[in-house]
Amino acid sequence: MGIPRIALKIMNHKTALITGAARGIGLATTELFIEQGWQVAMVDRDADELNASAAKLNNAKPFVHDVSIPDQVNDMMASVQSHFGRIDAVVNNAGVADFGPIEQTDFQRWRTVMSTNLDGVFLVSQAATPALKETKGSLVNIASISGLRASTLRVAYGTSKAAVIQLTKQQAAELGEYGIRANCVCPGPVRTKLAMAVHTQEIIDAYHDAIPLNRYGSEKEIAELIVFLCTDKASYITGQVIASDGGFESTGVGLPALRVDITNLD
Ligand SMILES: NC(=O)c1ccc[n+]([C@@H]2O[C@H](COP(=O)([O-])OP(=O)(O)OC[C@H]3O[C@@H](n4cnc5c(N)ncnc54)[C@H](O)[C@@H]3O)[C@@H](O)[C@H]2O)c1
């Protein structure tokens, strides 16, 4: 009798597990993986949005779980394993943003940000490690330019993302001997629901001033880097922190002033 053909088909396909896959960068990454022949375990705590997004896709299955709750992460991993039988890549993308001054960031607000942005990455990566050992798979953690450079109002968000950068390096150092790679992607601003909830017009204008490419990025531009890092094309890349940010991180003072000077030349 043996294994049914449909189960064999699923088990032979590379599988990515993506958290926060219902929308935004996670959904764009899901779509790009599928375009490249992978199948995707889409994880999100927003059941309505996740199910609606997954229903439009082939080779993707929704798993409704909250990555900040240890029991839910364990249940999620068991369900994904029992459906797909393998995990080749984990993209820790689920995130929340809450911008506020230090004095107004009470412990509950701090914990809400940390529990998804940092605890979630730790928990999902740890739970996926046995499966990734079997496939010599890879982890990609999504941090932010706010984890690379400090700014106002980001005491919780920026600190959580800086910690994700260090967590990625710890994972690369320890899991490399099992053939598991771990890398970190730091997106610049992208017009998703998360960003638009915290970006005022002043913040939008300031980003345009500070970004050499002078625009926000797209979900697809971030997804391209994430998927690349999960493929064999990146087989010798681990422990790296890479910004997809239109040049934001590499610039210093004076960019807006120089733009004005250039305009005045003619
Ligand atoms: N959009 C930007 O400008 C930007 C910039 C830098 C970094 N990022 C990072 O990129 C990632 C994706 O952000 P996005 O802009 O696509 O946001 P988004 O709000 O569009 O999507 C985030 C998804 O994560 C899910 N989610 C949140 N907490 C969860 C939890 N505890 N368990 C399961 N699912 C959860 C949400 O339901 C949502 O579907 C985040 O980690 C964010 O911090 C975004």
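This report walks through the fold, the aromatic pairs, the charges over rings and the ligand site of a predicted model.

## Ground rules

Because the model is predicted, local features need pLDDT of at least 70 and side-chain atom pairs count only at pLDDT 80 or more, while totals for chains, interfaces and linings use all residues. Residues are numbered from 1 along each chain as its sequence is written, and side-chain values use heavy atoms, with hydrogens and water left out.

## The overall fold

Along the principal axes, the C-alpha atoms fill a box of roughly 75 × 45 × 40 Å.

For 266 residues, a compact globule would have a radius of gyration near 18 Å, and the chain's 19 Å agrees with that. (The radius is taken over C-alpha atoms, and the globule rule is 2.2 Å times the number of residues to the power 0.38.) As for burial, 46% of the 266 residues count as buried. Buried means under 20% relative accessible area, exposed means over 50%, and partly exposed is in between, using a 1.4 Å probe and protein chains only.

## Aromatic pairs

Searching the whole structure turns up five aromatic pairs. Rings of Phe, Tyr and Trp (its six-membered ring) pair if their centres lie within 6.5 Å; planes under 30 degrees apart are stacked, over 60 edge-to-face, and the rest tilted. One of the pairs is Phe63 with Phe84, a tilted one at 6.3 Å centre to centre and 55° between the planes. Phe63 sits in strand β3 (residues 60-64) and Phe84 in helix α4 (residues 70-84), so this pair ties together parts that are 21 residues apart in sequence. Phe63 is buried at 5% relative accessible area, and Phe84 is buried too, at 3%.

Phe99 and Tyr157 make another tilted pair, with 5.7 Å between centres and 55° between planes. Here distant parts of the chain are linked: Phe99 is in the loop between β4 (89-92) and α5 (107-135), Tyr157 is in helix α6 (residues 155-175), and they are 58 residues apart. Phe99 is buried at 15% relative accessible area, as is Tyr157 at 9%. Elsewhere, ring pairs join Tyr207, Tyr216 and Phe248 into a cluster.

## Charges over rings

Tyr216 also has Arg191 over its face, 4.7 Å from the ring centre. Likewise, the charged end of Lys133 sits over the ring of Tyr178, at 4.1 Å from the centre. To count, NZ of Lys or CZ of Arg must be within 6 Å of the ring centre and within 35 degrees of the ring normal.

## Around the ligand

The ligand is surrounded by 30 residues, and the closest are Asp44, Asn93, Tyr157, Val190 and Thr192. (A residue is near if one of its heavy atoms lies within 4 Å.) Ligand oxygen atoms lie 2.8 Å from a polar backbone atom of Asn93, 2.7 Å from a side-chain N or O atom of Tyr157 and 2.4 Å from a polar side-chain atom of Thr192. On its own the ligand has 830 Å² of accessible area, and the protein covers 97% of that. These areas come from the Shrake-Rupley method with a 1.4 Å probe; for residues, only the protein chains shown count as cover.

## Ser146

Ser146 is in the loop between β5 (138-142) and α6, and is buried at 8% relative accessible area. Its side chain joins that of Arg154 in a polar contact of 3.3 Å. A polar contact is a pair of N or O atoms within 3.5 Å; within protein, one must be able to donate a hydrogen and the other to accept it, and residues adjacent in sequence count only if both atoms are side-chain atoms.

How values were computed: Helix = DSSP H or I, 4+ residues; strand = E, 2+ residues; numbered from the N terminus.
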